Amino acid sequence: MPEDYLWDRTGRPDPEVERLEQLLRPLGHAPAVPFDSEILTADATRRRGSWRSSRAVLYAIAATLVAAVGAGWMVARSAGPRGGWEVSALEGVPTIGSRAFAGDGRLPVGSWLETGVATRARIAVAGVGRVDVDPESRVRLSSAHPGNYRLRLLRGTMHAVIWAPPGQFFVDTPSSTAVDLGCAYTLRVADDGSGLVEVTLGWVGFEWQGRESFIPAGAVCATRRGIGPGTPHYPDVSSAFEAALAALDFEPLSGPARADAVTTILASARPTDAVTLWHLLQRVDARDRDRVFDRLSVFVPPPAGVTRAGVREGRREMLDRWWDDLGLGSMQVWRSWQQGWREEH
C-alpha cells in the first residue's frame, strides 16, 4: 500500500485501512441541521457546542486509529517476518537457507545467507546501516531487536557501514565479537576461525571473554580462535614491528622471548603507534610495563592523575583517561555500552 494513502488518499488502499474506514464512517461529517438563529436559546447553543466538541474528539480518535494501522504496517514491512532484514543480490545468485534468490529477498532471524563464487549481496540493517557480503561468505542473522542488531560471520568477508548510535550493532565471529562504535569497517574470517578487522571510519571494539581491543580508523586488528583479539596497529608499521606484535599476541613465547618482542616494538614505534603502546600496557609482563609507559609518555604525556604506579597496577580509570588523550574517541562510549550490557545480562 502506498504510504501516501494514509495522508491524502492517493494510491491503492490497504484492506485493513478500508475495513477501519467502514467501521468509522458513522462518525464522519453529516450536514448541519438548519436552525433559526433568532430563536436559538442559550441552552441549545451549549448543546450544539458540546456535540461539535464530541465529534471533534471522535474524529481525532478515528485519525489516530488509521495512523496507528499505517504505522504498524510500515513497521511490519520494515521488520518483516520474524524480524527479518531485506537482502539484495548485488552479483550472482546468493542463497538464504536452501533457497536461491535473485534481486531482493529477506533474511529471517536464525537463517544463514551464503554467497558463492562471483556472488555478492547487501543486507539492509534495520534502517541503521548496511552490510555488503563478499563472495564465498556465510552470515547468519542472530538478532534484529533494536539495540541488539547482531550478525554472525562464520567465514568470508563483509563490509559494514553503520549510522546507529554506538553499541547497537554486533558481529560475532568464531574468535571475537566486533562492537560498532559509530563506524565503517571490513571484517574477514578465515576457515580456521581467525579474523581481521580493518576500520575506515570511527572505531570498533573487539572483545572476547574480557579481552578488549579498540581499533580506530585506519588501523587493523587480528583475532585468533581461543585467544581473542590481538593488538591494534596501523598497516604501515615495519615488518619487524608487525612480526614482533603477532608473536606477542598469538605465540606462546617464554619470558625472555616476550621481552625481546617488546624491545623490537618499542625501538621502531612512532607517534602514530601510540594506540598500540596503550594496548600493550595491559598485555606485557609486569617487568616490561614501565618500558612501555616511558615510550608512550614520549608521544602522549600521561594526563593529570595518571601515574606510573597506577598503570603498573592496571587501574582502568587511569588507562581510560590516557586513552581519551590519544584523540581517538572517548572511552566513556565503550564503558556506557558495557555497563548497559551487563545490566541486561
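Which residues are buried in helix α9 (residues 316-325)? In this predicted model, the buried positions of helix α9 are Met-318, Leu-319, Asp-320, Trp-322 and Trp-323. An α-helix has 3.6 residues a turn, so residues three or four places apart point the same way. Helix α9 is followed by Gly-327, which has a positive phi, near 75°.

The protein chain contains 10 helices and 17 strands. Of its 345 residues, 43% are buried. Among contacts between residues at least 6 apart in sequence, 44% join residues at least 24 apart.

The largest nonpolar core comprises 73 residues, and Ile-123, Phe-169 and Tyr-185 have the most contacts inside it. Strand β9 (residues 148-162) gives the most to this core, contributing six residues. In soluble globular proteins, nonpolar side chains tend to be buried together. When residues up to four places away in sequence are not counted, Ile-123 touches Trp-85, Glu-86, Val-87, Leu-107, Leu-113, Gly-129, Arg-130, Val-131, Val-133, Val-139 and Leu-151.

Arg-258 lies in helix α5 (residues 255-268). Because its relative accessible area is 15%, Arg-258 is classed as buried, the cut-off being under 20%. Beyond residues up to four places away in sequence, Arg-258 touches Leu-248, Leu-253, Arg-283, Val-284 and Asp-285.

Key: Residues are numbered from 1 along each chain as its sequence is written. This is a predicted model: local features need pLDDT of at least 70, side-chain atom pairs count only at pLDDT 80 or more; totals for chains, interfaces and linings use all residues. Side-chain values use heavy atoms; hydrogens and water are left out. Buried means under 20% relative accessible area, exposed over 50%, partly exposed in between (1.4 Å probe, protein chains only). Helices (H or I, at least four residues) and strands (E, at least two) are DSSP runs, numbered from the N terminus. Contact means heavy atoms within 4.5 Å. A nonpolar core is a set of buried Ala, Val, Leu, Ile, Met, Phe, Trp, Tyr and Cys residues joined through side-chain atoms within 4.5 Å.
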